[in-house]
Amino acid sequence: MKNKIQLFVYDFDGVFTNNKVFVDENGKESVICNKSDGLAVDLIRKLGYKQIILSSEKNNVVLRRAEKLKLEAYNRVSNKLKFLKKYLAEQNLKFENVAYVGNDINDEEAMKECAHVFCPIDSYKSILEISDEIIPVKGGDGVIRYIAEKLNNI
């Protein structure tokens with residue numbers, strides 16, 4: 001696995017977060033992210049892997065978190081497979097070199113094209129069924145950290 005992966009693609013909600021949102025009386029939304037995942041992103045970067053966040057979320061909280069983690073991020077993506085095909089062509093990468101970490105049906109089409117597919121244990125049923133590995137933690141509880149530790153032990 002390790003030698004073939006060149007790019008990790010992460011969904012945001014349900015991977016970096018517990019898939020829940022706080023909404024205040026003004027409609028402003030916020031989420032909780034796991035700090036250990038932030039550390040893990042840096043560990044994975046140091047191992048030489050490219051990483052991006054690909055989210056259908058409209059809230060720019062995705063971009064703010066990615067900015068802090070020094071990750072490329074794309075939000076408001078309605079068709080993740082179409083976006084990823086274009087992105088990979090621009091980066092001269094192939095699906096066989098992509099590891100995708102997702103949790104819900106909006107990731108499914110893109111996940112089916114990738115060579116390596118992972119999901120948190122609390123993912124939607126159809127995502128659990130297509131995943132190569134079910135990460136034994138829930139979304140927002142250290143999903144990326146688990147991957148970093150696995151990469152460091154291979």
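Predicted model: local features only at pLDDT ≥ 70, side-chain atom pairs only at ≥ 80, totals over all residues.
Reader: How many disulfides does a search of the whole structure find?

Author: The search finds 0 disulfides. C114, for one, is in no disulfide, and the nearest cysteine sulfur, that of C119, is 13 Å away.

Reader: Is C119 buried or exposed?

Author: C119 is buried, with a relative accessible area of 0%. C114 is buried as well, at 7%.

Reader: Switching to helix 3. How many residues has it, and how far does it reach?

Author: Helix 3 runs over residues 80-91, which is 12 residues. From its first C-alpha to its last it reaches 16 Å, close to the 16 Å expected at 1.5 Å a residue.

Reader: And which residues of helix 3 are buried?

Author: The buried ones are K80, L81, L84, Y87 and L88. They lie on the same side of helix 3, because they cover an arc of only 125 degrees around the axis.

Reader: Why do residues three or four places apart in an α-helix point the same way?

Author: An α-helix has 3.6 residues a turn, so residues at that spacing point the same way.

Reader: What's on the face of helix 3 turned away from the buried side?

Author: That face carries the exposed residues K82, K86, A89 and E90.

Reader: What covers the buried residues of helix 3?

Author: The cover includes strand 1 (7-10), strand 4 (50-54), strand 5 (72-74), strand 6 (98-101) and helix 4 (105-113).

Reader: Which residue caps the N-terminal end of helix 3?

Author: N79 does, with a side-chain oxygen 3.2 Å from the backbone nitrogen of L81. Just after helix 3 comes N92, which takes a positive phi of about 60 degrees.

Reader: Where is N92 found, and is it buried or exposed?

Author: N92 is found in the loop between helix 3 and strand 6. At 70% relative accessibility, N92 counts as exposed.

Reader: What about phi of N19?

Author: N19 has a positive phi of about 70 degrees, although it is not a glycine. N19 sits in the loop between strand 1 and strand 2 (22-23), and is partly exposed, with a relative accessible area of 44%.

Reader: What does N103 touch?

Author: Not counting residues up to four places away in sequence, N103 touches D11, D13, G14, V15, N19, P120, S123, Y124 and I127. N103 lies in the loop between strand 6 and helix 4, and is buried, with a relative accessible area of 5%.

Reader: New topic. Which residues in the largest nonpolar core touch the most other members?

Author: They are F8, F16, I44, I53, V101 and I144, out of 26 residues in that core. Two or more residues each come from strand 1, helix 1 (35-46), helix 2 (61-69), strand 6 and helix 6 (143-153). Helix 6 gives the most to this core, with 5 residues. Another core, of 19 residues, lies apart from it, and L84, Y87, L88 and Y100 are among its members.

Reader: Back to I144. What is it in contact with?

Author: Leaving aside neighbours within four places in sequence, I144 is in contact with Y10, V15, F16, D37, A40, V41 and I44.

Notes:
Residues numbered from 1 in each chain as written. Heavy atoms only, no water. Disulfide = S-S within 2.5 Å. Buried < 20%, exposed > 50% of the residue type's maximum accessible area, 1.4 Å probe, protein only. Helix = DSSP H or I, 4+ residues; strand = E, 2+ residues; numbered from the N terminus. Expected span 1.5 Å × (residues − 1). Arc of directions from axis to C-beta. Contact = heavy atoms within 4.5 Å. Polar contact = N/O pair within 3.5 Å; in protein donor to acceptor, adjacent residues only side chain to side chain. Core = buried A, V, L, I, M, F, W, Y, C linked by side-chain atoms within 4.5 Å.
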